Amino acid sequence: MLVVGNWKMHTDFRGAVRLASEVIRLTETDTRAVGVGVCPPFVWLEAVREATRSSRVALGAQNGHPAENGAFTGEVAMSMLGALGCRFVIVGHSERRQVFGEDDAFVGEKVGAAMGQGLVPILCVGETLDERDAGQAEAVVQRQLDGALESVTLDSAESLVVAYEPVWAIGTGRTASPEQAQAMHAFIRARLAARFGDDGRAVVLLYGGSVKPNNAADLFAQPDLDGGLIGGASLDAESFAAIVRAAAQQTEP
Ligand code: PGA
């Protein structure tokens, strides 16, 4: 199981360091079998790296540019994220797709560039409510997956994470039901297996979209949910730790 916090454009310098330290303290015991990661804003990555050094909390970035370097004002290259100690980088988050107009091909470039730098991309996919209501949810997710993974070779199952985040569940307090999440996760796993074989089948699949301490256990109990990508609830260390504990329960024999 893996639980990753996406802090989005929240926290200040002190708040970011404090939050990271609290997450370490609250997840130190009882949750060893769960991977834990936090994705602060770019500008706090270094401070959070210091705070998380010698802990098992892994560092991730929320975005990265596919080019190695160049005239891309305001962007941050994957190699720079690697140099800062990031293990993960979120790519294709629906806010990037919707607010910043990123398409599947660009997201795919990011996946390849991240892997090229030894980072693990957390590839986000998910349909809007209109698309779900129109019966298009699987088709949309399939297009996003296939588009982003078209020119990707998977070295191992550990080199990719996929997060299913239905857009209508992000930041809305309205989560997908465990059955809805499971159905889409099974679909994604089958696609990855068809594309990459056994490694694809073993890729960690996160669910994201209004995961809270009170719904995490039911979601994580589903067979194809391997953890969560947590937005709002990751800004509160107690809530985030409670979600990590819910994941830990699934790892107990
Ligand atoms: P949320 O965000 O948990 O606040 O819904 C999830 C995400 O956007 O990754």
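Lys110 is found in helix H5, which spans residues 104–116, in what is a predicted model. Because buried means under 20% relative accessible area, Lys110 counts as buried at its 1% relative accessibility. Beyond the residues up to four places away in sequence, Lys110 touches Asn63, Gly64, Pro66, Met78, Val91 and Glu102.

- Strand E5, made of residues 120–125, is mostly covered, with 6 of its 6 residues buried.
- In a regular strand the side chains alternate between the two faces of the sheet.
- In E5, Val120, Ile122 and Cys124 point one way, while Pro121, Leu123 and Val125 point the other way, and all are buried.

**Nonpolar cores**

- In soluble globular proteins, nonpolar side chains tend to be buried together.
- The largest nonpolar core here has 68 residues, and the residues with the most contacts inside it are Leu123, Val162 and Ile188.
- Helix H10, residues 237–251, gives the largest share of this core, namely 8 residues.
- A second, separate core of 13 residues includes Leu2, Phe88, Ile122 and Cys124.
- When its neighbours within four places in sequence are left aside, Leu123 is in contact with Val91, Arg97, Val107, Val111, Leu145, Ala148, Leu149, Leu160, Val161, Val162 and Ala163.

**Surroundings of the ligand**

- There are 13 residues around the ligand, and those that come nearest are Lys8, His93, Glu165, Gly171 and Ser210.
- His93 places a polar side-chain atom 2.7 Å from an oxygen atom of the ligand.
- Ser210 takes part through its backbone, with an N or O atom that lies 2.8 Å from an oxygen atom of the ligand.
- Gly231 likewise has a polar backbone atom that is 2.9 Å from an oxygen atom of the ligand.
- On its own the ligand has 290 Å² of accessible area, and the protein covers 97% of that area.

Terms used:
Residues numbered from 1 in each chain as written. Predicted model: local features only at pLDDT ≥ 70, side-chain atom pairs only at ≥ 80, totals over all residues. Heavy atoms only, no water. Core = buried A, V, L, I, M, F, W, Y, C linked by side-chain atoms within 4.5 Å. Buried < 20%, exposed > 50% of the residue type's maximum accessible area, 1.4 Å probe, protein only. Helix = DSSP H or I, 4+ residues; strand = E, 2+ residues; numbered from the N terminus. Contact = heavy atoms within 4.5 Å. Near = heavy atom within 4 Å. Polar contact = N/O pair within 3.5 Å; in protein donor to acceptor, adjacent residues only side chain to side chain. Areas by Shrake-Rupley, 256 points an atom, 1.4 Å probe, with all protein chains shown as cover.
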